[in-house]
Amino acid sequence: MSENETNEATPNPADERSKLLHRLAVLSVCLVWPLIWVGGLVTTYDAGMAVPDWPGTYGYNLFLYPLSTWIYGPFDLFIEHGHRLLGAVVGLVAIAMVVAALRREDRRWVLWLTVVILVAVISQGALGGVRVLLSDRTTAMIHGCFGPVVFALCCVAASVTSRRWWDRRRAANATQSAKPLGGVVLAMATLPVLLSYLQLVLGAQLRHVQPLTTPGTFTLIVAVHIVTAFGLWLLTPVLFVLVRRCGDLTLSRPAGWLIWFVGFQILLGTGTWIVNYGWPSVLEFLPFGEGFLVRSKGFLDSIIVTAHVAVGSLILATSAVVLVQVLRQRTLATHV
Amino acid sequence: MKSTVDATPFFSLPILAAPILVAFLLCGCDAPVEHYPPNEVYSLVVSAKLDAPTELAAEDTTAALEAWFGTPIEPRWPVEQMSRDGAKTLVSLENLQRAAGPVYSDQSNRHFGLFNEHCVTCHGVSGGGSGPASLLQNPYPRDFRAGVYKWKSTERGAKPTREDLLAILRHGAPGTAMPSFRQVSEDDLEALVDYVIYLSVRGEFERRLLTEAVVELGYEETRPDDDASLLTLAGFDQDAFAVEVARDTLDRITGQWVDADQAVIPVPEETPAGDASIERGDALFHGRIANCAGCHGKQGSGDLVTFDFDDWTKEFTEGIAVTPTDREAVRPFRKAGALRPRQIHPRKLTEGVYRGGGDPETLYRRIVAGIAGTPMAGIMVSGEPSATGLTGDQVWDIVHYVKSLGEAK
């Protein structure tokens with residue numbers, strides 16, 4: 001019997017899945033990444049305390065703050081209030097995801113995943129509130145570290161509710177010959193998640209550095225950040241080669257993207273250093289570095305710094321999706 | 001599969017909690033900085049120079065300083081201790097309070113905590129130039145506490161004018177980590193200038209008072225009698241000898257800032273910048289009197305091997321007979337907060353990069369006064385050509401030659 005005939009004979013569970021839940025999960029991904037960008041801009045512009053109260057804005061209900069004052073007011077207020085509004089929209093989408101999962105999602109763990117996302121979004125909002133009310137940079141840092149976790153969870157939700165997630169089971173059933181990816185592959189898929197998160201935490205340490213942090217500590221964090229970045233970059237092609245062997249594009253594609261994302265992130269990291277602290281001595285051999293002028297609050301400079309933050313989240317989320325797909329492959333192959 | 005699936009919510013809790021825990025463990029709580037860190041490096045320098053214990057003097061100096069100058073949260077400007085009106089109005093207390101403290105802004109886009117927002121990561125809380133990111137910068141950020149500034153329009157030993165400080169904030173220093181703050185409002189820049197002057201006066205006062213405590217007031221391993229104790233600065237005995245010494249010291253420091261405008265180097269009208277002037281400048285640049293090539297190399301190529309350090313480094317090394325490359329000897333100062341001694345190199349003039357500004361007037365003043373705190377010496381300007389100095393026209397010739405080196409690129 002051919003593979004196609006087998007697929008035609010087997011009822012496709014993908015047809016039974018909740019398309020609404022998947023669309024909402026994709027919507028959450030599309031909203032949370034820009035939310036991370038805006039949040040990154042808030043930190044880049046030191047605008048976290050542009051609105052001193054929370055959950056309202058200058059005494060107004062969040063949704064009732066005058067549009068004209070928001071749009072035409074100071075840029076700091078514009079991005080901080082905008083960040084809050086977008087966060088509130090993400091909260092509404094997270095609620096809708098839970099409702100959609102309750103109505104038409106057989107997998108209990110997916111239902112729980114949507115609940116976790118909702119709790120995470122609420123916690124993230126609360127962290128933002130605490131950061132404002134206490135005017136506390138450490139909470140700001142935790143808020144910054146937790147955003148990428150929310151984004152990664154949303155990406156995982158979008159992945160596990162997609163048609164391809166179910167199609168893979170059909171394919172596995174059809175071929176009857178899939179071998180589970182080994183423990184080494186699992187370890188190699190777990191490492192990027194851990195390392196990329198470590199990178200986010202280290203990056204947040206540098207971004208929200210305390211005034212009394214010693215130069216030695218700061219230098220050590222920078223050194224670990226750089227070494228880990230290159231370590232992660234070396235790891236990504238290895239992971240790509242390992243997962244490619246199973247011949248599944250849903251696995252090898254994101255693993256391939258990781259190589260580009262981390263490479264691009266290293267460039268952005270270099271750019272971030274340059275626009276913050278000038279041309280580094282190690283790059284003195286490049287002809288155009290001499291005389292480089294750092295510009296405080298320059299727009300392009302801010303975009304580079306914020307892109308570094310956002311791409312860091314993207315790497316974490318992609319790594320998480322690869323890990324989930326590896327786990328999926330191992331489970332399917334074991335059950336065949 | 002089922003068991004794995006059911007366990008997900010239980011695993012999710014640690015996933016959510018982990019980042020928070022990791023972040024807390026790594027950085028601790030965000031406690032506001034309540035006190036300015038004392039200048040421990042200078043305390044060691046005084047101890048080494050005078051061969052005397054300085055621990056007690058340093059402790060009392062810190063207490064006295066806080067009484068007069070306040071804290072990073074609530075800075076003060078001790079007008080009641082100043083005798084000159086110009087000193088009393090040298091900075092605005094409102095600006096100091098706006099520049100200090102936590103970072104926030106209001107609906108009218110008025111920013112607060114400006115020093116923390118823009119400067120503290122490099123210059124540090126007390127303006128000591130050893131902020132968290134300082135070690136990775138070349139050159140190191142400026143230590144305001146010595147009261148020595150490179151980029152100014154005034155004579156070598158004088159303080160910069162307000163306009164000089166504003167200029168460096170607006171233009172930045174190309175080729176260094178010092179940014180251009182052109183995007184920052186003029187009000188905010190004025191507040192930052194006030195705060196820099198405040199930190200500088202406070203820091204220099206700390207240094208001089210510490211020296212006076214040992215030399216003049218008799219601080220040793222024990223405190224001198226009440227009249228000479230620095231603790232009187234925090235009390236009500238305003239006639240005490242220590243208060244008198246402290247007031248004199250403060251007057252001398254603030255006086256230099258008040259008089260800075262009178263120390264601006266006059267710049268004669270620029271001479272024509274033609275080939276003839278450049279040719280004359282070439283000869284002067286490589287000549288015996290100016291001898292610019294002695295450090296900057298032929299045609300300003302900067303390829304000479306030099307072994308020198310700036311004055312901020314020399315203070316805790318060569319100034320007290322410590323070899324900068326002797327790690328063991330330098331270690332106590334490093335532990336006290338000094339940055340690793342790093343050589344200073346003459347500027348490569350062929351790049352056309354001038355950190356303190358490249359307009360003709362600035363270059364003229366740079367040649368005349370040199371660069372304070374560095375080995376770049378000034379030159380005597382006289383009305384007539386002589387064997388020891390240059391005329392204003394000759395200085396202009398050098399300026400034109402130097403500009404031609406950068407433009408040739």
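A polar contact here is a pair of N or O atoms within 3.5 Å; within protein, one of them must be able to donate a hydrogen and the other to accept it, and residues adjacent in sequence count only if both atoms are side-chain atoms. With that rule, there are eight residue pairs in polar contact between chain A and chain B, both residues being at pLDDT 80 or more. Before going on, note that this is a predicted model, in which local features need pLDDT of at least 70 and side-chain atom pairs count only at pLDDT 80 or more, while totals for chains, interfaces and linings use all residues. Residues are numbered from 1 along each chain as its sequence is written, chains are lettered from A and ligands numbered from 1 in the order in which they are written, and side-chain values use heavy atoms, with hydrogens and water left out.

Helices, by the way, are DSSP runs of H or I with at least four residues, strands are runs of E with at least two, and both are numbered from the N terminus. The top contributor on that side of chain A is α6(A), with seven residues. Sorted by class, the residues of chain A that touch chain B are 29 nonpolar, 16 polar and nine charged. For that sorting, Ala, Val, Leu, Ile, Met, Phe, Trp, Tyr, Cys and Pro are nonpolar, Asp, Glu, Lys and Arg are charged, and the others, Gly among them, are polar.

Taking contact as heavy atoms within 4.5 Å, 54 residues of chain A meet 61 residues of chain B. The two chains bury about 4,600 Å² between them, 68% of it on carbon and sulfur atoms; buried area is the accessible area (1.4 Å probe) that two parts lose on being put together, summed over both. Now for salt bridges, meaning a side-chain nitrogen of Lys or Arg within 4 Å of a carboxyl oxygen of Asp or Glu. Between chain A and chain B the count is one. B:Glu117 and A:Lys297 meet in a salt bridge, at 2.8 Å from N to O.

A:Lys297 also takes us inside chain A, where it forms a salt bridge with A:Asp46, the closest N and O atoms being 3.3 Å apart. Chain A is divided into domain 1 (15–161) and domain 2 (177–336), with bounds that come from an automatic or database domain assignment. Their centres, taken over C-alpha atoms, are 23 Å apart. In this pairing, 23 residues of domain 1 are in contact with 28 residues of domain 2, and the two domains of chain A bury about 2,200 Å² between them, 70% of it on carbon and sulfur atoms.

Across this domain interface of chain A the rules find one salt bridge and ten residue pairs in polar contact, both at pLDDT 80 or more. On the domain 1 side, α2 (19–44) and α6 of chain A are the elements that give two or more residues. Here too α6(A) gives the most, with 14 residues. The domain 1 residues that touch domain 2 divide into 16 nonpolar, five polar and two charged.

Let's zoom in on α6 of chain A, which holds A:Leu153. A:Leu153 counts as buried because its relative accessibility is 14%, where buried means under 20% relative accessible area, exposed over 50%, and partly exposed in between (1.4 Å probe, protein chains only). The C-alpha atoms of A:Leu153 and A:Ile117 are separated by 6.4 Å, although the two are 36 residues apart along the chain. Over in α9 of chain A sits A:Thr228, also buried, at 11% relative accessible area. Not counting residues up to four places away in sequence, A:Thr228 touches A:Leu195, A:Leu198 and A:Gln199.

Chain B has 16 helices and two strands, and 52% of its 409 residues count as buried. One of the buried residues is B:Trp68, at 2% relative accessibility, in helix α3 (residues 55–69) of chain B. Leaving aside neighbours within four places in sequence, its contacts include B:Arg76, B:Pro78, B:Phe205 and B:Leu233. The backbone oxygen of B:Leu233 lies 3.0 Å from a polar atom of the B:Trp68 side chain.
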